[in-house]
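Dear colleague,

I am handing over the structure below, together with notes on what was found in it. Please look through the sequence and the model first, and then read on.

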Amino acid sequence: MWSRMNRAAEEFYSRLLQEFDEEKKGIHKDPFIYEADVQVQLISKGQPNPLKNILNENDVVFIMEKLPLDKEETSHVEEPQCEETVISDFSTGENVGPLALPVGRARQLIGLYTMAHNPNMTHLKINHPVTALPPLWVRCDSSDPEGTCWLGAELVTTNNSITGIVLYTVSCKADKNYSVNLEDLKSSHKKRHHLSTVTARGSAQYELFKSTALDDTLAASQTTITLDISWSPVDEILQTPPLSSTAALVRVNPVLCRVYSVWIYF
């Protein structure tokens with residue numbers, strides 16, 4: 001099992017490195033296929049980026065998604081598999097866009113990426129020192145309880161040496177295909193409750209620090225830090241909090257069972 005995993009990490013790193021080297025030479029290529037089910041694309045400056053609301057537009061990143069079905073395959077598909085999230089509509093008869101990978105598969109890919117960059121894995125058949133590759137992001141199907149839609153990994157380097165890695169998890173339990181706009185929702189409330197005016201307020205909560213399932217041994221002593229944000233007026237549904245929002249930084253200490261709040265005004 002370990003030899004198979006080592007070989008997978010070596011091949012995975014080698015393929016990403018090849019793509020990265022060609023990009024540095026100015027050779028721009030279409031997305032490539034990894035292990036028959038994964039589409040990989042190196043996104044550089046100026047290219048459409050599905051993570052533009054999360055990452056800097058100048059960031060160079062690897063994006064991994066499930067390989068789209070072609071026209072011939074989609075003609076035989078009636079319903080998508082339960083473990084996949086379809087980004088495009090099969091009924092259009094056009095090429096189907098990127099699909100999301102099962103969360104377990106995404107974690108496997110992130111694991112290969114981190115394994116290949118671990119400076120202590122000297123037994124891997126990779127040239128050392130290991131070349132630091134751009135961050136890797138994998139689109140997930142939100143099939144886990146947390147509703148994970150993206151997993152990411154970014155290297156930490158000092159003097160061209162890899163000193164660590166930062167792992168990212170982006171989750172969303174909202175209905176991403178919600179089509180009702182804010183004005184229609186306000187009108188509906190006015191009619192239902194016989195109101196002359198309706199005021200909308202927005203709220204959002206960000207978990208800045210929280211133990212995960214991998215931290216079971218430390219969970220009892222760790223502190224949870226969240227950022228509660230509110231704002232008004234609201235311009236659209238699922239709006240990104242504006243800079244004028246009011247925010248409360250909340251820290252919960254599970255040992256002392258105390259809650260600390262600090263109000264912040266942007």
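Read along its sequence, the chain runs in the order α-β-β-β-α-α-β-β-β-α-β-β-β-β, which comes to four helices and ten strands; helices (H or I, at least four residues) and strands (E, at least two) are DSSP runs, numbered from the N terminus. This is a predicted model, in which local features need pLDDT of at least 70 and side-chain atom pairs count only at pLDDT 80 or more, while totals for chains, interfaces and linings use all residues. Residues are numbered from 1 along each chain as its sequence is written, and side-chain values use heavy atoms, with hydrogens and water left out.

Of the 266 residues of the chain, 33% count as buried, that is, under 20% relative accessible area with a 1.4 Å probe, protein chains only.

Leaving aside residues up to four places away in sequence, Leu16 touches Phe32, Val40, Phe62, Met64, Tyr113 and Leu133, where a contact means heavy atoms within 4.5 Å.

On a 1 Å grid over the protein atoms alone, a cavity is a set of points where a 1.4 Å probe fits but cannot get out, whereas a pocket is an open set with protein on both sides within 12 Å along at least five of seven lines; lining residues have an atom within 4 Å of a point. Among the residues that line the largest cavity are Glu19, Glu23, His28 and Gln47, and the elements that give two or more residues to this lining are α1 and β2 (38-43).

The second largest pocket holds about 220 Å³ of space. Twelve residues line this pocket, and the closest to its centre are Arg4, Met5, Ala8, Gln108 and Leu112. Both α1 (2-24) and α3 (103-117) supply at least two residues of the lining, with α3 giving the most, six residues.

With best regards

Key:
Points joined across faces, edges and corners; volume = space filled by probe spheres on them. Buried < 20%, exposed > 50% of the residue type's maximum accessible area, 1.4 Å probe, protein only.
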